[in-house]
Amino acid sequence: MKVASARPDLRPQRWYHTLVNTPLNALITVILVGLLGATLPATLEWLLLSARFGGNSPQACAQVTGACWTFIAQKHRVILFGLYPYAQQWRPLVACVVLIGIVVLSCRRRFWRPTLAIYWVGALNLVGILMWGGVFGLSFVETRLWGGLPLTLILACVGVGLAFPLGVLLALGRRSDLPAVRSVCVVYIELIRGVPLISLLFMASVMLPLFLPEGVNINKLLRAQIAIVLFVAAYIAETVRGGLQAIPKGQYEGADSLGLGYWQKTLFIVLPQALKAIVGPLVGIFISVLKDTSLVVVIGVFDLMQATKAALADAQWQGFSTEAYLFIGALYFVMCFSISRYSQSLERQWRRTA
Amino acid sequence: MPSILYPVNASISMTFPANRRSSSFARWSWRNVGLRAWIYQLVMLLGIGLLIYWLVDNTLANLAARNISTGFGFLEREAGFAISESVVAYRPADSYARALWVGILNTLKVAAFGVVLATVLGSLIGVARLSANRLLAAVATAYIEVMRNIPLLLQLFFWYALITQSLPLPRLALEPMNGVFLSNRGLTVPWVTGFNGSAFWLLLLVVVLFLSFVAILRRKVKTGYRLAKGLQIIGAAFFLAVPFVVTIVVSPGLHLSVPELKGFNFVGGATLSPEFTALLLGLVLYTAAFIAEVVRSGIQSVSAGQWQAGRALGLRDAQVLRQIVIPQALRVIVPPMTSQYLNLTKNSSLAVAIGYPDIVSIANTTLNQTGQAIEGILIIMAAYLTVSLLISAAMNLYNRRIALTER
């Protein structure tokens, strides 16, 4: 036991010293090394060493004890692009690149200004033109055939893109002096935050046809998108409210003393500071939305998860669910992890300059 | 003016400070901030009212066209579908209301176990991430990053596939101990049955325990004296043992039922189903990663001086953590922890995707069978709102207890 009167050991410690410097640490190290030694080689062996990479039929994997990556090689188009016509699949690929590009663009500090909204509108329009077609010589592809990765990205990006202005309005409304506006915003936010996304998806897919007049049909994708937008708007509203509360009152009073009206004060003084303060939590919300788009599988929308289940349902390729789930798990992990690492690096930058 | 308009008059005139400043104040002009506020709110409420009227009108027309009745009368009809697992007794001949109650209890069961296990696991991993042992910290970080960045639904599918595909059929079940069977229908163990379900006795017991608890607390508050440690332990054991003793006394038919293989499945005993296990495993592992981050940020929020002071007093690191750091860290930990508990409860709705009969799954079946979509969705939302409010209220009480008491 270390005692205060003993001279402290100030020699710099290497990381491997910390593994064995106390009996408890030594025990933990032994247990962990034992566990890793028992599981890691077997996992690597299954994943890479005795796995089958080539071939183009189920028979290629018949005698293989490891993973069957032939399944992924043959089925990756179905998993990634769903039922989209085979010859036109360059279009969803380019749409994915555009969406990833606009997200990466929004991460760059240089673009944190109102013109970013115009870039987003332009990017989403470009994605719409690519996916739907019908103009510029592209053949028309209806939303029923969309699927896989572009659908996940579209649901997430359009969801966050539309929910962001709505969330900001809700947050401003919740802090408003007008009691009617404040009550409506509070009821909306607390109601939506108290229920799971699945119930909102069911509500959209089952109740929306009842809410609209006879003969008006909206397709399943639009219903899922509406549910996601309404859901995310409530969470963005709470985050923006936190940012608004973090601004010192002096800013509001200074704007009032300059004679600025409510909207001038909000747009030019309050919101720029509030939004800059909550970039971290907003990135977290975007990551959650990306993961939550996988829930649309319960109402039958053909996103990445549903496309994987459809690929697994092929009678010729049976029993490769582990490979398929690992593939899309790795895909989700790469997307979400890179965004979260970016947000951590942002916070580190700010802590250094603050 | 009529007296009912006095509040309107007052708010138009005096609520907004801008009105009090000007000497030439015109009450009914557009420049009057209070008047504008009233008009905006009126217009907004009118707009929302029109929208709701239009939606309700469409809904009633659509329901009439499809011959679906409104109202909750369908709850008394016979359900007609089986539920694979239930906390209370349920037969397909029971009503829809009973089926929905089973669903709510199943959700609460998963949520309760999930919250407890996730907190324990999450706290351990959060502390491990801050360990001086670099290997342990690296393993904890890898766990947190992997679990947080993969969708929960994918993790549930993975665990469910793993459990159902790697376990044998009931006929070839593994039997690690006498009477304990492990198969793809779940883990079947011997269990005591034959409880006399006398709610009256239980209620009486709860009331008596509560009153005695209150009496002891009042003594502490009034006199400042707590019960001696030994008496506290005896008291706690008494409170915990009395329900068991009373139940045993009022249940003459109490016996141990051992599972037996009859046909394709086991009869008797209690079964831990693969659906429940997969759901619990997925939820606990997923939420534990988020709770680990919350605990880590809470511990790191306590200033380094506390650690140094603790070590200067001669305390070991584990003692410093337990006695000094964690009580202070709790203030930062509890609010985000509340939202993680709420997330776990809401995420349990994913049970519908792997076949566990929670409230969403059963309400979905109900609304598919009866066509009463709106009532079904309302029931789901009411159930989750109630549970969320209860959890928030309980955590807020705890939060107030540990909050910084300022002078």
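What follows is a short chat about this predicted model.

Q: Start with the aromatics. How many aromatic pairs does a search of the whole structure find?
A: The search finds 16 aromatic pairs over all chains. One of them joins B:Phe158 and B:Trp159, with ring centres 5.4 Å apart and planes at 65°.

Q: What kind of pair do B:Phe158 and B:Trp159 make, and why?
A: Edge-to-face, because the planes stand at 65° and the cut-off for that class is over 60 degrees.

Q: Is B:Trp159 buried or exposed?
A: B:Trp159 counts as buried, because its relative accessibility is 18% and buried means under 20%. B:Phe158 is partly exposed, at 29% relative accessible area.

Q: Which residues do ring pairs link into a cluster in chain A?
A: A:Phe71, A:Trp317 and A:Phe320.

Q: And charges over rings? What lies over the face of A:Tyr86?
A: A:Arg77 does, at 4.2 Å from the ring centre. In chain B, the charged end of B:Arg148 sits over the ring of B:Phe290, 5.4 Å from the centre of that ring.

Q: Switching to helices. How do H4 and H9 of chain B pack?
A: H4 of chain B covers residues 96-129, and H9 of chain B covers residues 274-301. Their axes lie 6 Å apart, at an angle of about 40°. The two helices are therefore oblique to each other. H4(B) passes H9(B) in a right-handed crossing.

Q: What residues make up the contact of H4(B) with H9(B)?
A: The contact has 18 nonpolar residues, six polar and four charged.

Q: Now chain A. At what angle do H5 and H11 of chain A cross?
A: Roughly 140°, and their axes come within 9 Å. H5 of chain A runs over residues 149-174, and H11 of chain A over 279-292. That angle makes H5(A) oblique to H11(A).

Q: Which hand does the crossing of H5(A) and H11(A) have?
A: It is right-handed.

Q: What about H7 and H8 of chain A, how do they cross?
A: H7 of chain A spans residues 197-211, and H8 of chain A spans residues 220-246. Their axes come within 9 Å and cross at roughly 135°. H7(A) is thus oblique to H8(A). H7(A) passes H8(A) in a right-handed crossing.

Q: On to loops. Where does A:Arg175 lie?
A: A:Arg175 lies in the loop between H5 and H6 of chain A, where H6 covers 179-194. A:Arg175 is partly exposed, with a relative accessible area of 36%.

Q: How far apart are the C-alpha atoms of A:Arg175 and A:Leu244?
A: They are separated by 8.8 Å, and the two residues are 69 residues apart along the chain.

Notes: Residues are numbered from 1 along each chain as its sequence is written. Chains are lettered from A and ligands numbered from 1 in the order in which they are written. This is a predicted model: local features need pLDDT of at least 70, side-chain atom pairs count only at pLDDT 80 or more; totals for chains, interfaces and linings use all residues. Side-chain values use heavy atoms; hydrogens and water are left out. Rings of Phe, Tyr and Trp (its six-membered ring) pair if their centres lie within 6.5 Å; planes under 30 degrees apart count as stacked, over 60 as edge-to-face and the rest as tilted. Buried means under 20% relative accessible area, exposed over 50%, partly exposed in between (1.4 Å probe, protein chains only). A charge sits over a ring if NZ of Lys or CZ of Arg is within 6 Å of the ring centre and within 35 degrees of the ring normal. Axes are lines fitted to C-alpha atoms, for helices over the stretch in contact, and angles run from 0 to 180 degrees between N-to-C directions. Helices (H or I, at least four residues) and strands (E, at least two) are DSSP runs, numbered from the N terminus. Angles under 35 degrees count as roughly parallel, over 145 as roughly antiparallel, 65 to 115 as roughly perpendicular and the rest as oblique. A crossing is left-handed if the near helix is turned anticlockwise from the far one by less than a right angle, and right-handed if clockwise. Ala, Val, Leu, Ile, Met, Phe, Trp, Tyr, Cys and Pro count as nonpolar, Asp, Glu, Lys and Arg as charged, and the others, Gly among them, as polar.
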